[in-house]
Amino acid sequence: MSSAKSVIISCAGIGSRLGLAQTKALLNIEGKSLIAWQLELFKDIEDIRIVVGFQAKAVIKEVLKYRKDAIFVYNHNYFETKTGASFYLGAKDANEYVIEYDGDLLVHPDDIKKCLVEEEYIAYSEKTSDEAVFVRTDEQGNVLSFSKKDGDYEWTGPACIKKSKLKYSTGNVFNQLEEHLPMKGIKIRAQDIDTYEDYQRAIDFVRGWK
Amino acid sequence: MTKFIFDLDGTITSKETLPLISNHFRLNEEIESLTKETVEGNIPFIESFIRRVYILGQLPVDEIDNLLETVELHPKVVDFISQNSDNCVIATGNLECWISKLVKKIGCKCYHSEGIIKDNKVEKLTKILKKENIVSFYKNAGEKVVFIGDGNNDMEAMRIADVAIASGLTHKPAKSVLSVSDYLVYSEEALCRLLNQLL
């Protein structure tokens, strides 16, 4: 069935802060790769787009085990760009609503349903890391601003926006969203993996699902 | 308007056509290894093509044309082409005389290589198609050009196309193709979804 939304998973980066010299998509979490966990979350979504760059061949091979119908999008400039560029490249020819999902993110399966909608939003979670980007919200939970210093919650993604509002950027996804604030906020349980400590937390997070 | 330019072998067809010819006529393995080496980019396309035409040109043209009409196709890709035939063209290095019936069956405009036919054989090769020229032609006409291909001889066309889609439907695309591609797909569902999004 055709749908007006696409999910863009950005897996192009080199994951430098993790220090494993390996793309995060292939991290082993409880016997499965991170990308496999993510694809499981999106099993009912028709248009899955995986943005690849660093170790593209290995990521593609892993994804094809689960989703032969994925569309792979190349970010050849992955070293010089950030997630904003990958999101734009993944989104520019996609369906009307594009859901941005960072390749280092795990969202609780009970919460992912709230995110798979054709409506604009920004998802955030309780603060877990020190070096995160934070969001400030109003009383209804709408996102008012992003900040690297402090905020009410941690910006984790995903986010959904109409693709027509996106422009190419070498910066971060939150920079692309900033000019469209305020936006509806959705609070979720999520864990992203930037550091080795985050990786350990992600394993505990997944254990908590069972 | 968007113009979709398709490679033929392995992109619209689900089997490569030259090995099919060599099997049918029980040619030696020379032609198959030649095709493989060419697809992988180990032999320059033009050199390989001239050698292939020299070998295959001695075979009856009408029999090859009939044989290739029966080659297996990717049904969803062919459906997309027939529903959007004005937006779609084929760019193939194959000789016109070998694929005329197949192209008629697919039902869109086709750019191809050409030769002089005499006594049901290829007497002389007169034109080898450069796919990049077809891309330039449509770009200069103001079209947004999407190129779908998999082989080394698609690379220059894909490099200059507005959107380059590497197709892994029949075999893994050549490495050179991946280095200039915007997209990579491994299923007809993914390819046709993407093509419809690009319409």
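A few ground rules come first. The model is predicted, so local features need pLDDT of at least 70 and side-chain atom pairs count only at pLDDT 80 or more, while totals for chains, interfaces and linings use all residues. Residues are numbered from 1 along each chain as its sequence is written, and chains are lettered from A and ligands numbered from 1 in the order in which they are written.

**Where the chains meet**

The names of helices and strands come from DSSP runs, numbered from the N terminus: helices are H or I runs of at least four residues, and strands are E runs of at least two. Strand S5 of chain A, residues 71-74, pairs with S7(B) in the antiparallel sense over three bridges. Pairing here asks for at least two DSSP bridges between two strands.

The contact between the chains takes 13 residues from chain A and 13 residues from chain B. Two residues are in contact if their C-beta atoms, placed from the backbone, lie within 7 Å. On the side of chain B that touches chain A, strand S7 (183-185) and helix H10 (188-198) each supply at least two residues. H10(B) gives the most to this side, with six residues. Sorted by type, the chain B side has seven nonpolar, three polar and three charged residues. In this sorting, Ala, Val, Leu, Ile, Met, Phe, Trp, Tyr, Cys and Pro are nonpolar, Asp, Glu, Lys and Arg are charged, and the others, Gly among them, are polar.

**Chain A as a whole**

Chain A has six helices and 13 strands. Its radius of gyration is 16 Å, close to the 17 Å that the globule rule gives for 210 residues, so chain A is as compact as a globular protein of that length. The radius is taken over C-alpha atoms, and the rule is 2.2 Å times the number of residues to the power 0.38. Along the principal axes, the C-alpha atoms of chain A fill a box of roughly 45 × 35 × 35 Å.

Of the 210 residues of chain A, 46% count as buried. Buried means that 20 or more other C-beta atoms lie within 10 Å of a residue's own, exposed means 12 or fewer, and partly exposed lies in between, with C-beta atoms placed from the backbone. Among contacts in chain A with a separation of 6 or more, 73% join residues 24 or more positions apart.

Chain A also has a cis peptide bond from A:Gly157 to A:Pro158, with omega near 0°. A:Pro158 sits in strand S11, residues 153-162. Another cis bond, also with omega near 0°, runs from A:Leu181 to A:Pro182. A:Pro182 lies in the loop between helix H5 (173-178) and strand S12 (185-187) of chain A.

**Details in chain B**

In helix H6 (residues 96-106) of chain B, the buried residues are B:Cys97, B:Trp98, B:Ile99, B:Leu102, B:Val103 and B:Ile106. Their cover includes helix H4 (61-69), helix H5 (75-83), strand S2 (88-95) and S3 of chain B. After H6(B) comes B:Gly107, with a positive phi near 90°.
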